[in-house]
Amino acid sequence: MALLERSAWYDLARSTEWTPSYISEDELFPPEMSGGEGIPAEVWSTYDEPYKVTYREYVDVQRQKDEGAYSVKAALERADLYNNADPGWVSILKEHYAAVALVEYGASFQEARYVRWSKAPGMRNMATFGMLDEMRHGQIQLYFPHEYVSKDRQFDWSHQMMWSNNWVALGARHFFDDMLMTRGAAETSISANFAFETGFTNLQFIGLSGDAANAGDFTFSKLIQSIQSDEARHAQLGTPLLQMMIENGQKAKAQNLIDIAFWRSYRLFTILSGIPMDYYVPLEVRESSFKEFMEEWIVTQFMKSIEDLGLSKPWYWDIFLRDLDEHHHGQHLGTYSWRPTLWWNPAAGVSPEERDWLEEKYPGWNDTFGKVWDVMIDNFVSGRPEKTVPGTLPMICNVSQLPIVGTPGRSLKDTSIVFEGRKYHFASEVDKWIFEQDPERYKHHKNLIDRFLGGEIQPANLDGVLEYMGLGVVSPGGDDAHNYAWLEAYKTALAPAG
Amino acid sequence: MALFPISSKFDGDFVLKLVPVDTDDTMAAVAAAAAEHSVGVHVPDQPGKVIRARAEGAADPYPLDMKLSETGLGPTDTVEFYFE
């Protein structure tokens with residue numbers, strides 16, 4: 001059967017639209033679901049997606065992508081990566097799949113909300129493909145780790161994590177509920193597609209892809225390249241909306257949405273990308289430091305896309321640049337110290353050679369974070385392992401849900417406010433500013449410490465906290481990835497003379 | 001006499017820590033409780049030195065014999081601890 005050329009029908013199909021006569025416009029597109037208030041009705045139909053694709057073309061390309069990723073997986077299963085890869089790399093896989101797979105599935109609901117609620121017909125059409133993308137990402141990133149579950153129960157977190165009360169899950173749910181699930185379609189697209197996906201998925205999916213190939217994990221490298229090729233496409237959903245908002249007098253609102261989403265994305269990625277890139281990836285295969293990846297993908301490329309639209313860098317830009325030298329190092333110290341709360345086995349990443357690398361990439365590391373590691377290393381080599389896991393909990397930020405950390409002796413501080421009689425603690429001035437943008441949105445949430453002090457976690461001790469978070473339930477908690485072999489160099493160095 | 005949580009910012013540490021103390025504790029006892037979770041865990045000990053406590057950002061420490069209930073601190077307020 002002869003097919004029409006795409007150009008003969010595409011514009012008509014993608015802009016299918018109607019004017020409601022039995023119900024009002026607001027009933028068809030409730031403002032709380034559709035967002036974009038203040039943009040004139042006639043403007044929505046001008047939304048012009050930056051790529052054009054038909055369903056037939058989409059299915060064909062996606063089939064080829066799946067074929068590529070699944071065939072590499074099948075071919076390399078016999079290589080027994082689990083037993084042959086560096087344990088630090090295996091930890092990256094555990095962290096990644098659990099933190100990403102179900103979030104991707106959740107993102108299909110985000111896209112589905114555009115399909116139904118977006119007032120722009122072109123966006124509804126484009127989001128249909130985005131929705132299918134995210135289903136694929138959820139499914140493939142559950143299927144790939146499944147082969148490891150029989151070898152290591154910690155891989156079961158790939159499916160369990162987002163249903164748990166693990167502290168990382170609390171942070172991830174708070175972030176993604178804020179960015180993906182609870183704003184109007186127009187606003188969500190700016191927060192999630194433009195700020196989050198355009199900038200930060202590159203960091204994880206392209207940044208780690210090179211490290212994966214260098215580490216010999218071609219399956220993971222191929223998988224995340226395949227996913228990123230979808231992300232790069234549907235991330236563009238937000239740009240036409242941004243242009244529409246700016247052209248219709250809503251530049252300040254657009255800037256505000258980006259400023260909130262950018263900081264929240266960055267802080268979450270210090271855990272997901274920052275720690276693995278600078279501490280877990282085996283030293284001999286590291287391509288760049290987290291800071292270098294951030295400078296390339298975020299500081300240079302993402303900021304250019306913001307400025308091309310006539311927007312500005314976020315108001316906290318100087319704070320952000322300083323933070324690149326600090327925050328993820330504190331979070332690594334925290335995750336390693338409280339390693340029983342993790343579903344993966346963290347690599348310490350602080351052998352003498354690795355410390356040289358850290359000092360080169362982050363001048364001053366040895367005199368700050370390194371001094372804390374010195375105390376921990378002394379405890380390990382002196383036979384005091386019980387002193388290497390704190391006997392209490394860290395204070396947690398009421399926005400990011402991450403421990404409140406800083407550079408020792410320099411930038412550790414509490415930022416707090418009292419709102420309607422309740423005290424809230426924040427990990428930075430920016431997190432506090434985000435809370436103050438919309439206290440009604442954030443005020444009800446209880447972080448892990450609020451729950452602990454409120455009696456929701458029983459017994460009210462570390463064992464009770466671990467069980468509450470699913471450790472010892474879904475799988476054992478984390479321990480050193482290399483079984484402390486990295487301490488040998490220190491034992492030799494610290495051995496008594498003679 | 002009541003259990004009272006504070007946030008400990010111990011000089012040299014990298015993270016704020018939740019420390020349970022008692023409203024009847026002296027600030028010397030509060031400092032000792034905070035030290036238990038930082039000194040020798042994430043901060044090197046400084047034998048012979050006294051650990052002092054002050055409100056975050058304050059210039060002067062609380063008297064060592066002052067009771068926590070007399071400081072005006074609220075639950076989860078952050079207290080700075082440092083070797084004198």
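Student: What percentage of the 498 residues of chain A count as buried?

Tutor: This is a predicted model, where local features need pLDDT of at least 70, side-chain atom pairs count only at pLDDT 80 or more, and totals for chains, interfaces and linings use all residues. Residues are numbered from 1 along each chain as its sequence is written, and chains are lettered from A and ligands numbered from 1 in the order in which they are written. A residue is buried if 20 or more other C-beta atoms, placed from the backbone, lie within 10 Å of its own, exposed if 12 or fewer, and partly exposed in between. For chain A, the buried share is 48%.

Student: Is Arg441(A) buried, exposed or partly exposed, and why?

Tutor: Arg441(A) sits in helix H22 (residues 439-442) of chain A. Helices (H or I, at least four residues) and strands (E, at least two) are DSSP runs, numbered from the N terminus. Arg441(A) has 14 C-beta neighbours inside 10 Å, so this residue counts as partly exposed.

Student: How far apart in space are Arg441(A) and Thr182(A), C-alpha to C-alpha?

Tutor: In sequence, 259 residues separate Arg441(A) and Thr182(A). In space, C-alpha to C-alpha, the distance is 9.2 Å.

Student: What is the radius of gyration of chain A?

Tutor: Chain A has 25 helices and two strands. The radius is taken over C-alpha atoms, and the globule rule is 2.2 Å times the number of residues to the power 0.38. That rule gives 23 Å for 498 residues, and the chain comes close, so chain A is as compact as a globular protein of that length, with a radius of gyration of 24 Å.

Student: Which feature does UniProt place at residues 416-445 of chain A?

Tutor: The end C-alpha atoms of this span lie 15 Å apart, and the span is 43% helix and 30% strand. UniProt positions are given in the numbering used here, feature names are shortened, and annotations may be inferred rather than shown by experiment. The unreviewed entry names "domain: YHS".

Student: In which sense do S1(B) and strand S4 (residues 78-83) of chain B pair?

Tutor: Two strands pair if DSSP finds at least two bridges between them. S1(B) and S4(B) have four bridges. Ser7(B) stands opposite Thr78(B) in S4(B). The sense is parallel.
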